Amino acid sequence: MTKGRVELTILTPLCYVSMAVAIVCAAFAPYLLTRFGYQSAYAAPLWLIALAFAFAVWQLRGILKLVASGDPFSRRNEKYLRRISWCCFAVAVAALAMLPIYFSLIKVLMALFAIAGGLVMRVLARVFLLAAQQKEEMDLII
């Protein structure tokens, strides 16, 4: 078994575990917030962050499947990466929505990093789209 194949067999279950953790955290967010003395108004942005994370990891799982099948430069990867970028932007909006409740520099930094991550995903999506187009052209030549 090659090194890349071993990494994929480890990463795929890790995707499922991280999605499950995000969903459990979202489900227990109101309880945990009130238990530790935070306002329950945090629950909605935290739900959005957890659901965006779970959806992004689900898209990552799709990318991993394509890589495992030997087709990394597929047009579907461009769609997956664009969806992940929207998840990053949703996390930024949720982090900024929490600022009026309680201002924290960490929330501002989280929003900035999420915006940067979303922009990087957009660039990668464009690169993968161009690679898929070139691959299709090369397949026609051969």
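This is a predicted model: local features need pLDDT of at least 70, side-chain atom pairs count only at pLDDT 80 or more; totals for chains, interfaces and linings use all residues.
Me: How should I read a nonpolar core, and which residues of the largest one touch the most other members?

Reply: In soluble globular proteins, nonpolar side chains tend to be buried together. In this model the largest nonpolar core has 23 residues, and those touching the most other members are Ile49, Ala52, Ile63, Leu81, Ile84 and Val91. Two or more residues of this core come from each of helix H2 (43-68), helix H3 (75-97) and helix H4 (105-141). H3 gives the largest share, 10 residues.

Me: Which residues is Val91 in contact with, leaving aside its neighbours within four places in sequence?

Reply: Val91 is in contact with Ile49, Ala52 and Ala114. Apart from this core lies another, of 6 residues, including Cys15, Met19, Ala22 and Val57.

Me: Where does Val57 lie, and what does it touch beyond four places in sequence?

Reply: Val57 is part of helix H2. Its relative accessibility is 8%, below the 20% limit, so Val57 counts as buried. Not counting residues up to four places away in sequence, Val57 touches Cys15, Ser18 and Met19. Pro72 stands 15 residues from Val57 along the chain, and their C-alpha atoms are separated by 17 Å.

Me: What of Ala56: is it buried or exposed?

Reply: Ala56, also a residue of helix H2, has a relative accessible area of 15% and is therefore buried. Leaving aside neighbours within four places in sequence, Ala56 is in contact with Ile84 and Cys87. A C-alpha to C-alpha distance of 8.4 Å separates Ala56 from Tyr80, although the two are 24 residues apart in sequence.

Me: How does one read the relation between two helices, and at what angle do the axes of H3 and H4 cross?

Reply: One considers the angle between the N-to-C directions of the axes, and an angle over 145 degrees counts as roughly antiparallel. The axes of H3 and H4 cross at roughly 170° and come within 8 Å. H3 and H4 are therefore roughly antiparallel to each other. The contact of H3 with H4 has 20 nonpolar, 5 polar and 6 charged residues.

Me: How is an aromatic pair read, and how many does a search of the whole structure find?

Reply: The search of the whole structure finds 2 aromatic pairs. In one, the rings of Phe73 and Phe128 have centres 5.7 Å apart and planes at 35°, so this pair is tilted. Distant parts of the chain are linked by the pair, with Phe73 in the loop between H2 and H3 and Phe128 in helix H4, 55 residues apart. Phe73 has a relative accessibility of 42% and so counts as partly exposed.

Me: Which residues form the edge-to-face pair?

Reply: Trp86 and Phe89 form it, at 5.9 Å centre to centre and with 75° between the planes. Both residues lie in helix H3, 3 residues apart, about one turn of the helix. Trp86 has 55% relative accessibility and therefore counts as exposed.

Me: Is Asn77 buried or exposed, and which residues does it touch beyond four places in sequence?

Reply: Asn77, located in helix H3, has a relative accessible area of 1% and is therefore buried. Not counting residues up to four places away in sequence, Asn77 touches Ile63, Leu66, Asp71, Pro72 and Phe128. Phe128 is also the partner of Phe73 in the tilted pair.

Terms used:
Residues are numbered from 1 along each chain as its sequence is written. Side-chain values use heavy atoms; hydrogens and water are left out. A nonpolar core is a set of buried Ala, Val, Leu, Ile, Met, Phe, Trp, Tyr and Cys residues joined through side-chain atoms within 4.5 Å. Buried means under 20% relative accessible area, exposed over 50%, partly exposed in between (1.4 Å probe, protein chains only). Helices (H or I, at least four residues) and strands (E, at least two) are DSSP runs, numbered from the N terminus. Contact means heavy atoms within 4.5 Å. Axes are lines fitted to C-alpha atoms, for helices over the stretch in contact, and angles run from 0 to 180 degrees between N-to-C directions. Angles under 35 degrees count as roughly parallel, over 145 as roughly antiparallel, 65 to 115 as roughly perpendicular and the rest as oblique. Ala, Val, Leu, Ile, Met, Phe, Trp, Tyr, Cys and Pro count as nonpolar, Asp, Glu, Lys and Arg as charged, and the others, Gly among them, as polar. Rings of Phe, Tyr and Trp (its six-membered ring) pair if their centres lie within 6.5 Å; planes under 30 degrees apart count as stacked, over 60 as edge-to-face and the rest as tilted.
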